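Hi,

Here is the structure I promised to pass on.

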Amino acid sequence: MVEKITAVFNGKVFYPAEPIALPINTRVRISIEILPPSEHETISFLQTARSLNLDGPPDWSTNIDKYLYSK
């Protein structure tokens with residue numbers, strides 16, 4: 001039986017993108033084909049924040065309450 005699945009490698013382990021109907025401890029042979037990044041690839045919050053190129057005062061993080069709640 002041959003079944004193609006998509007998985008993500010986290011540096012140590014491959015995680016399937018969808019459930020696989022195999023009994024536990026089933027031996028398999030894995031061939032790796034590197035896929036191009038998908039449009040729906042997860043982006044971290046930090047990457048998103050940096051990409052916004054927000055400009056603010058240099059003490060923004062230490063005085064956030066002042067900037068958020070002062071009139």
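Below is what turned up, starting with the overall shape.

A quick note first: this is a predicted model, where local features need pLDDT of at least 70, side-chain atom pairs count only at pLDDT 80 or more, and totals for chains, interfaces and linings use all residues. Numbering starts from 1 along each chain as its sequence is written, and side-chain values use heavy atoms, with hydrogens and water left out.

The protein has two helices and two strands, in the order β-β-α-α from the N terminus. Its radius of gyration (over C-alpha atoms) is 22 Å, well over the 11 Å that the globule rule gives for 71 residues, so the protein is more spread out than a compact globule. That rule is 2.2 Å times the number of residues to the power 0.38. Helices (H or I, at least four residues) and strands (E, at least two) are DSSP runs, numbered from the N terminus.

How much of the protein is buried (under 20% relative accessible area, 1.4 Å probe, protein chains only)? Buried residues make up 0% of the 71.

Now for two asparagines. Asparagine 25 sits in the loop between strand 2 and helix 1, and has a positive phi of about 70 degrees although it is not a glycine. Asparagine 25 counts as exposed (over 50%) because its relative accessibility is 75%. Asparagine 53, in the loop between helix 1 and helix 2 (64–69), also has a positive phi, of about 50 degrees. With 65% relative accessibility, asparagine 53 counts as exposed too.

Cheers
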